[in-house]
Amino acid sequence: MNAERDLAPLAPSVVRALNDKLYEKRKVAALEIEKLVREFVAQNNTSQIKHVIQILSQEFALSQHPHSRKGGLIGLAACSIALGKDSGLYLKELIEPVLTCFNDADSRLRYYACEALYNIVKVARGSVLPHFNVLFDGLSKLAADPDPNVKSGSELLDRLLKDIVTESNQFDLVGFIPLLRERIYSNNQYARQFIISWILVLESVPDINLLDYLPEILDGLFQILGDNSKEIRKMCEVALGEFLKEIKKNPSSVKFAEMANILVIHCQAADDLIQLTAMCWMREFIQLAGRVMLPYSSGILTAVLPCLSYDDRKKNIKEVANVCNQSLMKLVIPEDDEMDEAKQSTTLPAEPTSEESVSKPEAVSSDSLDVSGDSNVSKSNVFTGNSSERIQVTLNLDGIVQVLDCHLHDTSIGMMTRIAVLKWLYHLYIKTPRKMFRHTDSLFPILLRTLSDESDEVILKDLEVLAEIASSPAGQTEGYSPSDSSDVRPGPVELHVPARAGQLSSSGTKSLECSPSTPTMNSYFYKFMINLLKRFSSERKLLETRGAFIIRQLCLLLNAENIFHSMADILLREEDLKFASTMVHTLNTILLTSSELFQLRNQLKDLKTPESRNLFCCLYRSWCHNPVTTVSLCFLTQNYKHAYDLIQKFGDLEVTVDFLTEVDKLVQLIECPIFTYLRLQLLDVKNNPYLIKALYGLLMLLPQSSAFQLLSHRLQCVPNPELMQTADSTKPSASFKRTTASNIDYTELLQHFEKVQNKHLEARHQRAGRAEQLDRRVVL
């Protein structure tokens, strides 16, 4: 290298010293360079200043020789010191070669580069801000440097740069955000710590509004929150906490919608701290933003619902998730059910159809959500980020229903989640019934299957949903036929129950032609009854363990008379006679013993109205599937003569152990409080001869058992009619008057009983024949 020619105005001695391996000699050379540059500054000789910086950069700092690079770095720092306030004019030329040395393989050289840049920045102060991104980029790399000395030096430089940014009002936040967004996804702990420290500094500067750009970095912050280092996690918690405080202070300037998806993703994180923090943010977002969050409901529910079944180990997450769920549910209002009409009267951009919305997997994806609305545009006014402008929001009902349906199908979810799903469905049927009935056909099968759930609480909520579907006026359909979705095909219904005043709309009158036994319900009621009985038929264990419980609850939720009337209609045409007999026995037990059926029992006991008599006839025809229950129905309705006539027919029936067991149970029922009136009527021997005859008939059917002894003792208590005769004993009793005035064709009912029993006898013979053939095949 020809120093005199190529490196002027640097003296040969300075050049040699800059290339020396000893730091002290390089320092002496730096002092000489500082003196030389000061002279050029005094002379305002900018060309020579640039020439010196170029020589130090190209010939030294970027040299292949390590000692030359070290000399170049200290020389550039000396130039900056000499330039003073004028260093800002040459910062690009001063900074770039130093930053290049940050990537040097020699740790000592990286340290000297850090030291040189510190001196340059210290002199330039605010003038370095236009170059902040390149400085930040270089520092972020040094923060993760394996050498402790380099890391220590970078921390000093970092603090200096933070002081400059804090003092200045010239910081270019817009230009910095893309770099911050990129660097925030670093997996290195030290780099993450460096990033968080800068976010905390920027958040603390009053003139810098980092909240506007929070959507750009929120995802990265939540990822850093899962770092293995407790210190970094704590720093990130503090940063997120500061942002949340700012959001609560200024909700009108927050871009809630842009961050909703991010929160949904992290609400499903495996890390408890991330999940809890994201869930807390979600709670605040729902409460602060209100209906702005409605378009994201499907994604929110995807994240929140599973958390409701967490055990005590994740109690905090469960509690916050529950608040999120309740708050979100309150955002759905009745006006959401009227948006179709509102949309037709206003001009709005085209939106995806329901089919398109449902088909998108994002609606139930854990990584994203379908935020495009269906046709449900709300008229409710809400604020949006950065503006007090009022807009319309979209309730993505298709997406919500898809998520709820998905969770109901998932057999692995916990009980509390299933209950929450059913509460949501009930809420939606209450608030948006017309739109929900578009989904009823798809929801109906899983709602019926949920009746087999292990939890009574789940079944109760499921029944509430089904009862709402069956009774909502929005469920009334034109030309509905109960046989459309069932193998049970009712023929012309023979008995019609008149509708109660005020319970039928004009559309309800039309549906009466299809399901006359349920005049106060909609077309789904009869479909529900058909499918419920089909489920009992296919799942006999469900009928045995939960059948009575389900029917009793339905009698509370719906009209008990309608339930019994419709089930009787359906069972009258049931082809499986054994199931029909079992089901009739179950219904009869409920009718006679359940407190929920008190009013219906009183209605049947007197048969004073045409409606009650029609109901009796309808029940009777189905009750004929079980002889003993038919007698008990006659006892309940005080049709004692007909009960006696039926018992007379029992001699023609096949008396089995099951038959005698049912007679035994009937005797036990007669001793219960429900039949107190019947036992008191035994005192009026003259006017109730057929009651006594019917009871004696039961006694003659029974073998010498405890039931026989019980009934025998009761009949022994019947008084002598001579002793009980009074002055007005010649007058007919009220019960006798009622019976003779009821206009019921008991002869026809008795013939129907015989007809049904002949069918049962034929069916038993067929079953016996098939069993015999099977036995022969086994022997062969």
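Reply: Asp 158 touches Leu 139, Phe 194, Ser 197 and Trp 198, leaving aside residues up to four places away in sequence; contact here means heavy atoms within 4.5 Å. This is a predicted model, where local features need pLDDT of at least 70, side-chain atom pairs count only at pLDDT 80 or more, and totals for chains, interfaces and linings use all residues. Residues are numbered from 1 along each chain as its sequence is written, and side-chain values use heavy atoms, with hydrogens and water left out.

Asp 158 belongs to helix α9 (residues 148-167). Helices are DSSP runs of H or I with at least four residues, strands are runs of E with at least two, and both are numbered from the N terminus. Asp 158 has 9% relative accessibility, so it counts as buried. Buried means under 20% relative accessible area, exposed means over 50%, and partly exposed lies in between (1.4 Å probe, protein chains only). The side chain of Asp 158 also makes a polar contact with the side chain of Trp 198, at 2.7 Å. A polar contact is a pair of N or O atoms within 3.5 Å; within protein, one must be able to donate a hydrogen and the other to accept it, and residues adjacent in sequence count only if both atoms are side-chain atoms.

Now follow Trp 198 to the rings. Ring pairs link Trp 198 with Phe 132, Phe 136, Phe 171, Phe 176 and Phe 194 into a cluster. Rings of Phe, Tyr and Trp (its six-membered ring) pair if their centres lie within 6.5 Å; planes under 30 degrees apart count as stacked, over 60 as edge-to-face and the rest as tilted. The structure holds 23 aromatic pairs. In one of them, the rings of Phe 171 and Phe 176 have centres 5.7 Å apart and planes at 65 degrees, so this pair is edge-to-face. Phe 171 is buried, at 12% relative accessible area. Phe 176 is buried too, at 0%.

Another pair is Phe 437 with Tyr 524: the ring centres are 5.5 Å apart and the planes at 45 degrees, so the pair is tilted. Phe 437 lies in the loop between α22 (433-436) and α23 (440-449), and Tyr 524 in helix α26 (residues 523-538), so the pair ties together parts that are 87 residues apart in sequence. Both Phe 437 and Tyr 524 are buried.
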